[in-house]
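Q: I have this protein open and would like to go through it piece by piece. Can we start with a single residue?

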Amino acid sequence: MAGVAVMTAVAIAGFAVAIYAAWLFHDMPDGSELADFHPVTSARVFAWDGTLIGEYGQERRIYVPFNRMPTRVTQAFLAAEDRNFFTHNGVDVSGVSRAMAKNVFNLLRGKRFEGGSTITQQVAKNLLLNNERTVGRKLKEVILARRLENSLPKDQILELYLNDIYLGYRSYGVGAAAFNYFGKSLDQLSLSEMAFLAALPKGPENYRPSTHKAAAIARRNWVLGEMAKAGWVSREEAAAAMQDDLVIQDKPRRAKYADADYFVSEVELRARKLFNDAIYTEGYYVKTTLDPKLQTMAREALMDGLEVYDRRHGWRGAWGNIPVTDNWESDALQAENNLPDSRRAPSERADWQVGMIEKSSGSVRAIDGGHGVIRADDLAWAQANRPLKAGDLVYVSQASTGVYRLRQVPKVNGALVAIDPYSGRIVAMVGGYSYSLSKFNRATQASRQPGSSIKPFVYAVALSKDFTPASMVDDGPISMMGGDGKMWTPSNYEHDYLGMQPIRRGLELSRNLMTVRLAQKTGIKPITQGIVNFGVLDKMPPEMSMVLGAGEVNPYRLTNAYSIFVNGGRKVKPHMIDEVQDRNGKVVYKADERNCPAACTADFDGLESPRLSPQGDVVLDPITAYQVNSMLQGVVQRGTGAAARSLGIPMGGKTGTTNDYRSAWFVGYTADLVVGVFVGFDDNSSLGNHETGAVAALPIWMDFMKNANAGKPNREFNKPRDAVYMSVHGIEEAFKPGTEPKYTAPSEDDGPKPYLDTWSDDGDTSGPVTVVPAEEPPPPPKQKADTGTLY
């Protein structure tokens with residue numbers, strides 16, 4: 001009976017174990033699931049030259065394929081975690097035995113048990129199981145490790161481990177850890193740095209150098225010793241590496257190019273439209289159009305220009321006041337912490353610091369311990385509005401030894417966009433004075449009236465119809481019924497009239513009345529439809545006030561639309577993302593949709609390279625595009641943009657100013673680059689009397705263009721070959737064949753006097769056209785102010 005009872009008990013126990021095993025393993029994953037597994041990986045964003053400018057991701061991970069891993073990096077981790085990795089079958093029996101022996105002492109000492117897990121077991125636990133510490137989970141780990149070994153090659157298991165493991169400092173995987181701890185790629189790490197990373201899996205927080213440096217160095221040196229025992233480094237190399245100090249970055253390094261914050265943020269929005277939330281998890285490589293050098297120039301030009309404008313409008317006073325004491329710094333920093341973002345020093349101005357005025361005479365202390373005086377002109381600037389007094393807190397920057405500049409955060413804002421006119425590539429974009437103070441991107445999100453900067457498109461449509469550069473238009477009073485049923489009487493900025501003028505002068509001097517009359521004769525519907533076709537706006541009401549800039553547009557689109565005057569009339573697609581590759585290097589998006597001809601795939605024979613068709617659709621006749629280009633060059637030579645003439649490079653452009661001086665614009669270009677600048681307040685309040693496009697926006701454009709073109713040869717604009725070129729009023733004009741003015745050459749007795757021609761288009765633009773020899777141009781007229789203001 002006793003034997004039967006024992007057998008029954010054994011049977012029941014066996015049955016219970018079977019049930020437990022069935023329950024334990026019924027939902028255990030198959031190791032083959034990891035064959036195509038990739039950890040969550042952030043997208044990395046690059047400028048066109050390969051500069052890393054940003055990253056988007058839930059976890060900071062840089063996925064590195066096994067064949068790109070430096071051998072010593074893998075050896076360091078094998079030495080620390082699993083020296084027998086390439087010889088065991090997923091479970092290291094000797095390692096488990098050693099762990100069990102140690103756990104006897106751990107139990108007596110009350111220490112945590114060691115698991116003796118192999119790297120394969122760690123992959124199984126981290127990717128397919130949970131972290132619970134139970135016998136059941138450990139059994140699952142062992143079984144699953146064996147399945148992994150049967151399903152995946154060793155190299156792939158090790159690749160998964162090295163790219164998934166958490167190493168502290170916001171680092172997932174060895175690639176991110178190298179970047180975050182040391183600011184390096186894996187192949188740039190020293191032997192001691194590799195060993196330090198391999199020391200971290202057992203407990204990243206226990207070996208953080210900033211808090212446990214001695215423990216971190218000891219653990220690192222242990223790893224080096226294990227590498228030497230395994231024969232992977234010489235004892236001399238290991239000993240030398242053990243002498244290295246352990247220095248990491250103060251903060252986990254984030255892929256960040258500070259000058260491009262607005263650009264990187266906008267790219268994120270566009271990438272999400274392409275890939276949804278996968279942009280944060282699938283490890284895409286995003287190649288953008290950004291030129292880092294031009295971007296830095298753009299950011300500096302806009303910030304400097306807005307500060308210059310702000311200075312013109314006076315000192316607004318100190319942002320705080322505290323008692324003058326020897327220990328003033330803590331009170332000053334507390335006061336700064338209470339400041340709204342709009343008054344806080346921008347992070348982009350690294351040289352700005354908190355200063356405290358000691359005496360009204362301008363004596364100042366700086367938060368970094370410096371001491372000196374406010375520069376004389378800055379002191380006068382402040383004293384003219386709100387005089388400084390003892391205890392005032394201000395921002396200062398050191399101008400020279402003992403001399404400080406007085407700094408003030410501008411209230412005004414703006415944007416700058418730079419575009420390649422032939423491809424639509426955005427090579428630089430700044431969406432505001434400071435991203436650290438305001439994330440709102442005025443280049444792409446702010447819609448404002450363009451004022452006179454819309455006029456070139458009006459003239460382009462007119463020249464596409466019955467007008468030519470020699471047509472005459474009356475610059476005289478005009479009234480008409482407006483869209484609201486009321487009489488509309490526009491006027492020029494100067495409130496004067498010049499009478500009959502060639503249309504070139506209407507654009508160069510930005511004459512409102514000539515523009516309205518030209519639009520009236522061309523037809524408002526063709527004008528507004530043309531502006532939509534050029535890509536300035538998606539829709540535009542057929543109202544005459546639109547031709548003076550009453551609609552709303554953002555700097556991004558307006559700047560790109562000017563490209564048609566440079567590239568021969570093609571509307572190119574503005575874009576910031578050139579190409580996107582997946583984690584394996586496969587191109588999953590490409591902005592350039594052109595197909596390369598068959599010759600692209602053939603071996604280069606040293607003769608002629610394959611020719612791609614120009615990008616963009618033709619929306620304007622090339623001759624018409626050049627006619628407007630020539631007129632806009634006249635804006636710089638003789639018109640409202642004449643200040644830019646000092647740069648001495650072939651260029652064109654147009655100023656723009658809106659009612660009550662609410663917005664100021666200048667959009668201009670060279671043969672290689674189109675750049676638009678907008679200046680205005682976020683609440684659309686007035687910039688102040690006479691703050692026109694020529695005064696507020698043009699200097700910023702000039703500052704950027706001067707630096708962008710430094711050291712480059714001047715390049716002339718491309719001229720259409722089939723145009724007829726004639727000198728009219730001493731200026732070379734381009735005409736479509738058959739539309740050029742007709743005249744009879746004078747006899748030798750007539751002498752060098754002007755030739756008169758009574759040619760006109762259709763009677764509506766009648767008036768004499770003076771055609772003079774190019775070598776005898778009339779003197780340029782007196783420069784006029786910007787005439788883009790709406791009335």
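Q: Is Arg505 buried or exposed?
A: Arg505 is buried, at a relative accessible area of 11%. Buried means under 20% relative accessible area, exposed means over 50%, and partly exposed lies in between, with a 1.4 Å probe and protein chains only.

Q: Where do these numbers come from?
A: This is a predicted model, in which local features need pLDDT of at least 70 and side-chain atom pairs count only at pLDDT 80 or more, while totals for chains, interfaces and linings use all residues. Residues are numbered from 1 along each chain as its sequence is written, and side-chain values use heavy atoms, leaving out hydrogens and water.

Q: Ok, which helix holds Arg505?
A: Arg505 sits in helix α16, residues 503–508. Helices (H or I, at least four residues) and strands (E, at least two) are DSSP runs, numbered from the N terminus.

Q: What does the side chain of Arg505 join up with?
A: The side chain of Glu508, through a polar contact of 2.3 Å. A polar contact is a pair of N or O atoms within 3.5 Å; within protein, one must be able to donate a hydrogen and the other to accept it, and residues adjacent in sequence count only if both atoms are side-chain atoms.

Q: Another arginine: where is Arg583?
A: Arg583 lies in the loop between β17 (577–581) and β18 (587–590). Arg583 is buried, with a relative accessible area of 13%.

Q: Which polar partners does Arg583 have?
A: A polar contact of 3.2 Å links the side chains of Arg583 and Thr41. The side chain of Arg583 also reaches the backbone oxygen of Glu282, at 3.3 Å.

Q: And what does Arg583 touch?
A: Leaving out residues up to four places away in sequence, Arg583 touches His38, Pro39, Thr41, Tyr63, Thr281, Glu282, Gly283 and Tyr285. Contact means heavy atoms within 4.5 Å.

Q: Switching to Gly680: buried or exposed?
A: Gly680 is buried, at 1% relative accessibility. Gly680 belongs to strand β22, residues 674–680.

Q: What is around Gly680?
A: With residues up to four places away in sequence not counted, Gly680 touches Val412, Asn413, Gly414, Arg662 and Leu687. The C-alpha atoms of Gly680 and Ala696 are 9.1 Å apart, and the two residues are 16 residues apart along the chain.

Q: Now helix pairs. How do α8 and α9 cross?
A: The axes of α8 (residues 191–198) and α9 (residues 209–229) come within 8 Å and cross at roughly 105°. Axes are lines fitted to C-alpha atoms, for helices over the stretch in contact, and angles run from 0 to 180 degrees between N-to-C directions.

Q: What is that arrangement called?
A: The angle makes α8 roughly perpendicular to α9. Angles under 35 degrees count as roughly parallel, over 145 as roughly antiparallel, 65 to 115 as roughly perpendicular and the rest as oblique.

Q: Which residues meet there?
A: From α8, Leu191, Ser192, Ala195, Phe196 and Ala198; from α9, Pro209, Ala216, Arg220, Val223, Leu224 and Met227.

Q: And α15 with α20?
A: Helix α15 (residues 455–464) packs with helix α20 (residues 622–638) at about 140°, their axes 9 Å apart. That makes α15 oblique to α20.

Q: Last one, the whole chain: how many helices and strands?
A: The protein chain has 21 helices and 26 strands. Of its 791 residues, 52% are buried.
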